[in-house]
Amino acid sequence: MAMVVAREWREIPGRYNLIGTKCGCCGRIFFPSRAFCPDCRRASIGKMEEFPLNRRGRIYSYTVIHGSEGFNARMTPYAVAMVLNDDGVMLEAQLVDVDLSKIEIGMRVRAVLRKLDEDGDAGVIHYGFKFVPDE
Ligand SMILES: [Zn+2]
């Protein structure tokens, strides 16, 4: 199991590490990463740089989800938030470790890496980011 987790961590894609790309021409930041900038097009090819996103931001909007199928049914209701991070990039993820009645637009949050689910057959644990209140 430890080896499987280690491999998962090594192969973890940029979206789990919150690494986006920044256009070397106009400075626009993309998440998930893009191969080129839709504004600068050809000029941006080869000029896109990895950009580690700021994990802190504010809740822009959120939705409380009641009832769903499968895995998530065990943890409903839960909140999914659109968060405008401190780089000005919109991120969407589940909001955890928070009293659902206390969620407010503009609330400070930060992204943390959490276990998402476990594939029983393969024994592979998947990780992804979620938001928690930032005190
Ligand atoms: Zn650009």
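In which strand is Ile-29 found? Ile-29 belongs to strand 2, which covers residues 29-30. Please keep in mind along the way that this is a predicted model.

**Around Ile-29**

Ile-29 counts as buried because its relative accessibility is 19%, and the cut-off for buried is under 20%. Leaving aside residues up to four places away in sequence, Ile-29 touches Thr-21, Lys-22, Phe-51, Leu-53, Asp-87 and Val-89.

**The zinc site**

Which residues coordinate the zinc ion? The donors are the SG atoms of Cys-23, Cys-26, Cys-37 and Cys-40, at 2.3 to 2.4 Å. Along the sequence, these donor residues follow the spacing C-x2-C-x10-C-x2-C. The angles among the four donor atoms run from 108 to 111°, and the site is tetrahedral. Cys-23 is buried, with a relative accessible area of 3%, whereas Cys-26 counts as partly exposed at 41% relative accessibility.

In soluble globular proteins, nonpolar side chains tend to be buried together. Here, the largest nonpolar core has 19 residues, and those with the most contacts inside it are Leu-53, Leu-91, Leu-95, Phe-129 and Phe-131. At least two residues of this core come from each of strand 5 (78-85), strand 6 (90-95), strand 7 (108-119) and strand 8.

Let us visit Leu-95 next. Not counting residues up to four places away in sequence, Leu-95 touches Ile-59, Ala-79, Val-80, Ala-81, Ile-103, Val-109 and Phe-131.

Val-83 sits in strand 5. Is Val-83 buried or exposed? Val-83 is buried, because its relative accessible area is 1%. Beyond residues up to four places away in sequence, Val-83 touches Gly-57, Arg-58, Ile-59, Tyr-60, Val-89, Met-90, Leu-91, Val-109 and Phe-131. Among them, Gly-57 is 26 residues apart from Val-83 in sequence and 6.2 Å apart in space, C-alpha to C-alpha.

**Aromatic rings**

How many aromatic pairs does a search of the whole structure find? The search finds two. Phe-129 and Phe-131 form an edge-to-face pair, 5.7 Å centre to centre and with 75° between the planes. Phe-129 is buried, with a relative accessible area of 13%, and Phe-131 is buried too, at 1%. Ring pairs also bring in Phe-31, which joins Phe-129 and Phe-131 in a cluster.

**Asp-134 and its arginine partners**

Our last stop is Asp-134, in the segment after strand 8 (124-133). Asp-134 counts as buried because its relative accessibility is 15%. The table gives the polar contacts that the side chain of Asp-134 makes with two arginine side chains.

| Side chain | Partner side chain | Polar contact |
|---|---|---|
| Asp-134 | Arg-56 | 2.6 Å |
| Asp-134 | Arg-110 | 3.4 Å |

Which residues does Asp-134 touch, not counting residues up to four places away in sequence? They are Arg-56, Arg-108, Val-109 and Arg-110. Val-109 is also one of the residues that Leu-95 touches, and Val-83 touches Val-109 as well.

Methods. Residues numbered from 1 in each chain as written. Predicted model: local features only at pLDDT ≥ 70, side-chain atom pairs only at ≥ 80, totals over all residues. Heavy atoms only, no water. Helix = DSSP H or I, 4+ residues; strand = E, 2+ residues; numbered from the N terminus. Buried < 20%, exposed > 50% of the residue type's maximum accessible area, 1.4 Å probe, protein only. Polar contact = N/O pair within 3.5 Å; in protein donor to acceptor, adjacent residues only side chain to side chain. Contact = heavy atoms within 4.5 Å. Phe/Tyr/Trp six-rings, centres within 6.5 Å; stacked < 30°, edge-to-face > 60°. Core = buried A, V, L, I, M, F, W, Y, C linked by side-chain atoms within 4.5 Å. Donors = N, O, S within 2.8 Å, 3.2 Å for Na, K, Ca; no water. Tetrahedral: all angles 85-135°; square planar, octahedral: opposite > 155°, others 65-115°.
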